Every structure is written in C-alpha cells, then in structure tokens.
Amino acid sequence: MTQQGAALQTYNNELVKCIEELCSKRDKLQHQIQQEEEEKARLQHDVRVLTEKLSRVNESLARRLAARADFDRTIAETEAAYMKILESSQTLLSVLKKETGNLTKATEPRGGKDH
C-alpha cells in the first residue's frame, strides 16, 4: 500500500502543479484581457474625439465652400456687368468720334480753298 500511497501522492502533486499552472495562465490571460479592454476604451475615446473633430471640420468646410460659391457668383456677375460697361464705353467713344468728325466737317469752310 505504500507504493499506492506514494503514487497517489505523486499524482496529487502533479494535479496541484497543473492546476497552479492553469491558474497562472488564466491570470496572465486576464491581465492581457484587461490591457486590451483599456486599449479598446482609449481607442473608442479617440474615435469619438476624432468623429467630433471631423464633424466640425465638415461643417466648416461646407460653410467655406458655400462662401466660395457666393464669391464665384459675385465675381462672375461683376465681370459680366463690367464687360457691358466696357462695351457701352466703346460704343459711346465710337459715337462721340463720329459726331466729332461730323461737327468738325460742319464747321470747316467749304471747298477748303476759301483762305
């Protein structure tokens, strides 16, 4: 019976050792889980912060794009109106030159040899 008792003691010691190893591995795994959960929480926080920043940037960008479109429209309208002013000025200058020529002819002596 002593051999059986010794064998039983050996098995018991091995069982305790295996259980202790399993507990140690579980503790290490628990530590890894805890670290990953903390990392997950940090990342989720970062995602929330970045999402809020992205939203603010998108809103600002939309306002700026709308303002640029207003500038573009105003510039185009102003340039078109300015071109009309230039065309009107050119027409006015042509008419004035023509009238000046007619007035000059009307005030010159006839025949050009009256001196």
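## Exposure of Glu77

Partly exposed means a relative accessible area between the buried limit, under 20%, and the exposed limit, over 50%. In this predicted model, Glu77 has a relative accessible area of 47% and is therefore partly exposed.

## The network around Arg73

Salt bridges link Asp70, Arg73 and Glu77 in a network. Between Arg73 and Glu77 the closest N and O atoms are 3.9 Å apart. That distance counts as a salt bridge because the cut-off is within 4 Å. Arg73 also forms a salt bridge with Asp70, with 3.4 Å between the closest N and O atoms.

Both pairs are set about one helical turn apart: Arg73 and Glu77 because they are four residues apart in helix H1, and Arg73 and Asp70 because they are three residues apart in helix H1. Arg73 has 42% relative accessibility and so counts as partly exposed. Asp70, at 40%, counts as partly exposed too.

## The Glu39 and Arg42 pair

A salt bridge also joins the side chains of Glu39 and Arg42, at 2.6 Å from N to O. These two residues lie three residues apart, about one turn, in helix H1, which covers residues 2-107. Glu39 counts as partly exposed because its relative accessibility is 34%. For Arg42 the value is 44%, so Arg42 counts as partly exposed.

## Count

The model has three salt bridges by this rule. In general, side chains of opposite charge can pair when their charged atoms come close.

Key:
Residues numbered from 1 in each chain as written. Predicted model: local features only at pLDDT ≥ 70, side-chain atom pairs only at ≥ 80, totals over all residues. Heavy atoms only, no water. Buried < 20%, exposed > 50% of the residue type's maximum accessible area, 1.4 Å probe, protein only.
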